[in-house]
Amino acid sequence: MSEISPDLSALTGEARHRALTEQLTSRWPENRIGPSLARIAALCDLLGDPQRAMPVIQITGTNGKGSTAIMIEALLRAVGLRTGRFSSPHLTDIRERICLDGAPISVERFAEIWDDVAPYVAMVDGQLIDGIPMTFFEVMTGMAYAAFADAPVDVAIVEVGMGGLWDATSVADASVAVFAPISYDHMHLLGGTLTEIATEKAGIIKEGGRVVTAGQDLEAAAVLLRRAADLGAPVAAEGVDFGLLDRTTALGGQVIAVNAAGGPVRDLHLPLYGEHMAHNAALAIAAVETFLGGKALTPEVIQDGFDQVVAPGRMEVVRTSPTIVLDSAHNPHGASAVVRTVQEAFTFDPLIGVFAAMRDKDVRQVLETLEPVMHQIVVTTVASTSRALRPEELGEIAREVFGGDRVQVAPTMADALEQATLIADTLMAEGIDPQLLAGEDAVPPTPGILVTGTVIGIGEARGILVPGERAAGESRVAARAATTDGAAQLEIGTTGWGAEGED
């Protein structure tokens, strides 16, 4: 491991931020777990327990944590609460992990928080608790809780990094524990069965808290319900207490109807694509209403919240001619959602894939899921981590799944994007394989490019394709805030933000 605390005092602005980012990410990486809360607890103790300065909504699950957290945050802001959100991983800038009022904190504020906590991090490092200094994720968690306490925020929305029981975010006792769908991922760390994985994730349920869960496999659901019963935590479950009633595709997303605390709420425009996102929206509404003590949100407040949603890297269109869409698929469950959504939301014909993956993932099954919808695929790697599969290794697996004539290998993400664009342009120029026109009344189809696979790869592609935005979503958050600037903030405790539930 490289030196943890070099002197950065001579640097300022962007130069200091780059050096600080490098310094922090040189720590024990977040894909390795030191299964203990002792280090983060020691840091928080030295900082005065900032994680107890505000109520916490904590979110775990296998897929959908990030988008659910974004929607929870937006709904809470629509209520009039000041929010802090901690998420992982980041796409293009480390600051994305710590958001205040929906936006990544500034370069200057990030540096200030680090300066405040650095002496205490050094003290914990020196103790070598369980034989290691603080991990990258633990330090980031401590910085987030410190930032939220200092702001101060009314509520923190905290996304678990991995698992739950020993995740650093669990140093806080969540007021509401939210469970996105639980499936298979990180089996080498969390266990090989749904019972083992769910047991780790169920660790976020704490005595005195409440539980909100998406629909789960029966094996996982049994674990969550047992943990909740043991701790006396009330449970709101999708399909029983809330849920998605209906959805139709619409310009820029979809229109959904949900069953919420006050009964059915219809005609809600959600600016995100896919059935899984509609379910995540229902989960987010239920989480917020549970946090508010069962008070029903009005349709106006829900729509106001959805209007503020910015979710970079989630079926995000970043280029046109040809159209390039970004969305991660780092496990089979996520890949299935990507396939369904891209088929529903877009009319690409053919679809060209750009794909990178980590070596500790079920790459073959992900590729097998993507293969039926992709005409060709360009496989590559990412530059920022040694965890990534090398292009040649990934190419071998892809050829076994797609066949050699449908696979190209590129040494870098930039090369992969260039090759995919060339494929799309060539297919258009040549009129495309006639078989692809079958049933389309000879109307020339429109090629599209889907960049998918690891989240880190999505971030690298986004940095290339959206070079003017340093932190993903930063400019879009600012633009949306400007359109609502000056809107009256509703006073908490009034009936303006919620409606009493009615039968």
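Predicted model: local features only at pLDDT ≥ 70, side-chain atom pairs only at ≥ 80, totals over all residues.

Residues are numbered from 1 along each chain as its sequence is written, and side-chain values use heavy atoms, with hydrogens and water left out.

**Exercise 1.** Find which residue E138 forms a salt bridge with, and what parts the pair ties together.

*Solution.* Start with the rule: a salt bridge is a side-chain nitrogen of Lys or Arg within 4 Å of a carboxyl oxygen of Asp or Glu. By this rule the model has 20 salt bridges. The partner of E138 is R39, with the closest N and O atoms 3.0 Å apart. E138 lies in helix α5 (residues 136-150) and R39 in helix α2 (residues 38-46), so the pair links parts 99 residues apart in sequence. Here helices (H or I, at least four residues) and strands (E, at least two) are DSSP runs, numbered from the N terminus.

**Exercise 2.** Decide whether E138 and R39 are buried or exposed.

*Solution.* Buried means under 20% relative accessible area, exposed over 50%, and partly exposed in between (1.4 Å probe, protein chains only). E138 has 5%, so E138 is buried. R39 has 0%, so R39 is buried.

**Exercise 3.** Do likewise for R52 and D173, whose side chains meet in a salt bridge (3.7 Å, N to O).

*Solution.* R52, at 52%, is exposed. D173, at 46%, is partly exposed.
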